[in-house]
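Reader: Could you walk me through this model, starting with charged contacts and then moving on to the rings and the surface?
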Amino acid sequence: MTININIELPNDVFSALRSNPETFVQEMRLAAAVKWYEVGMVSQSKGSEIAGVSRHQFLEALNRYNVSPFQVTPEELAEELGRD
(Lines give C-alpha, C1' and ligand atoms only; values in the text may rest on other atoms or scores of the structure.)
Protein backbone atom coordinates (compact mmCIF):
# COMPACT_ATOMS: atom_id res chain seq x y z
CA MET A 1 0.00 0.00 0.00
CA THR A 2 1.24 3.49 -0.77
CA ILE A 3 -0.03 6.88 0.30
CA ASN A 4 0.24 10.02 -1.81
CA ILE A 5 1.05 13.28 -0.06
CA ASN A 6 0.69 16.61 -1.83
CA ILE A 7 2.99 19.48 -0.92
CA GLU A 8 2.50 22.91 -2.41
CA LEU A 9 5.72 24.70 -3.36
CA PRO A 10 6.34 27.85 -5.36
CA ASN A 11 7.44 27.21 -8.96
CA ASP A 12 10.71 29.07 -8.48
CA VAL A 13 11.90 26.50 -5.92
CA PHE A 14 12.72 24.07 -8.70
CA SER A 15 14.71 26.55 -10.75
CA ALA A 16 16.59 27.75 -7.64
CA LEU A 17 17.65 24.18 -6.96
CA ARG A 18 18.25 23.48 -10.67
CA SER A 19 15.81 20.62 -10.44
CA ASN A 20 12.55 19.37 -11.87
CA PRO A 21 9.69 18.32 -9.56
CA GLU A 22 10.47 14.58 -9.80
CA THR A 23 14.15 15.04 -8.94
CA PHE A 24 13.24 17.46 -6.16
CA VAL A 25 10.86 14.96 -4.56
CA GLN A 26 13.46 12.18 -4.73
CA GLU A 27 16.09 14.42 -3.13
CA MET A 28 13.63 15.57 -0.46
CA ARG A 29 12.82 11.94 0.45
CA LEU A 30 16.52 11.14 0.62
CA ALA A 31 17.36 14.20 2.73
CA ALA A 32 14.55 13.43 5.17
CA ALA A 33 15.60 9.78 5.49
CA VAL A 34 19.25 10.76 6.04
CA LYS A 35 18.29 13.25 8.75
CA TRP A 36 15.98 10.77 10.46
CA TYR A 37 18.79 8.20 10.37
CA GLU A 38 21.25 10.76 11.76
CA VAL A 39 19.06 11.44 14.79
CA GLY A 40 18.36 7.75 15.36
CA MET A 41 14.71 7.66 14.31
CA VAL A 42 15.17 5.04 11.56
CA SER A 43 17.58 2.26 10.64
CA GLN A 44 19.62 2.13 7.45
CA SER A 45 17.15 -0.36 6.04
CA LYS A 46 14.11 1.81 6.83
CA GLY A 47 15.95 4.93 5.66
CA SER A 48 16.69 3.36 2.29
CA GLU A 49 13.04 2.28 2.03
CA ILE A 50 11.79 5.81 2.81
CA ALA A 51 14.23 7.29 0.30
CA GLY A 52 13.31 4.74 -2.35
CA VAL A 53 16.91 3.67 -2.92
CA SER A 54 19.02 0.59 -2.27
CA ARG A 55 20.86 0.30 1.02
CA HIS A 56 24.13 0.80 -0.86
CA GLN A 57 22.80 4.04 -2.37
CA PHE A 58 21.62 5.11 1.07
CA LEU A 59 25.11 4.57 2.49
CA GLU A 60 26.52 6.67 -0.36
CA ALA A 61 24.01 9.40 0.51
CA LEU A 62 25.10 9.29 4.16
CA ASN A 63 28.64 9.93 2.98
CA ARG A 64 27.49 12.75 0.68
CA TYR A 65 25.70 14.43 3.59
CA ASN A 66 28.65 13.77 5.96
CA VAL A 67 26.56 11.54 8.23
CA SER A 68 28.25 8.61 9.95
CA PRO A 69 26.89 5.19 8.99
CA PHE A 70 27.32 4.16 12.63
CA GLN A 71 24.56 4.86 15.15
CA VAL A 72 26.68 4.35 18.24
CA THR A 73 29.22 6.71 19.75
CA PRO A 74 32.79 5.53 20.42
CA GLU A 75 31.93 5.56 24.13
CA GLU A 76 28.86 3.36 23.61
CA LEU A 77 30.90 0.96 21.50
CA ALA A 78 33.61 0.73 24.16
CA GLU A 79 30.95 0.06 26.78
CA GLU A 80 29.41 -2.70 24.65
CA LEU A 81 32.85 -4.25 24.26
CA GLY A 82 33.42 -4.04 28.02
CA ARG A 83 36.19 -1.46 27.80
CA ASP A 84 36.41 1.77 29.73
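Author: The side chains of Glu27 and Arg64 form a salt bridge, at 2.3 Å from N to O, where a salt bridge is a side-chain nitrogen of Lys or Arg within 4 Å of a carboxyl oxygen of Asp or Glu. Glu27 sits in helix 2 and Arg64 in helix 4, so the pair links distant parts of the chain, 37 residues apart; helices here are DSSP runs of H or I with at least four residues, numbered from the N terminus. This is a predicted model, in which local features need pLDDT of at least 70 and side-chain atom pairs count only at pLDDT 80 or more, while totals for chains, interfaces and linings use all residues. Residues are numbered from 1 along each chain as its sequence is written, and side-chain values use heavy atoms, with hydrogens and water left out.

Reader: How many salt bridges does the count come to?
Author: The count comes to 3 salt bridges. Glu38 forms one with Lys35, the closest N and O atoms being 3.1 Å apart, and because these two are 3 residues apart in helix 2, they are separated by about one helical turn.

Reader: And which residue forms a salt bridge with Glu49?
Author: That is Lys46, with the closest N and O atoms 3.2 Å apart. Glu49 is exposed at 52% relative accessibility, whereas Lys46 is partly exposed at 39% (buried means under 20% relative accessible area, exposed over 50%, partly exposed in between, with a 1.4 Å probe and protein chains only).

Reader: Switching topic, how many aromatic pairs are there in the whole structure?
Author: A search of the whole structure gives 2 aromatic pairs, meaning rings of Phe, Tyr and Trp (its six-membered ring) with centres within 6.5 Å, where planes under 30 degrees apart count as stacked, over 60 as edge-to-face and the rest as tilted. Phe14 and Phe24 make an edge-to-face pair, 5.3 Å centre to centre with 90 degrees between the planes. Phe14 lies in helix 1 and Phe24 in helix 2, so this pair ties together parts that are 10 residues apart in sequence.

Reader: Are those two buried or exposed?
Author: Phe14 is buried, with a relative accessible area of 16%, and Phe24 also counts as buried, at 14%.

Reader: What about Tyr37 and Phe58?
Author: Their ring centres are 5.9 Å apart with the planes at 90 degrees, so that pair is edge-to-face. Tyr37 is in helix 2 and Phe58 in helix 4, 21 residues apart. Phe58 is buried, with a relative accessible area of 0%.
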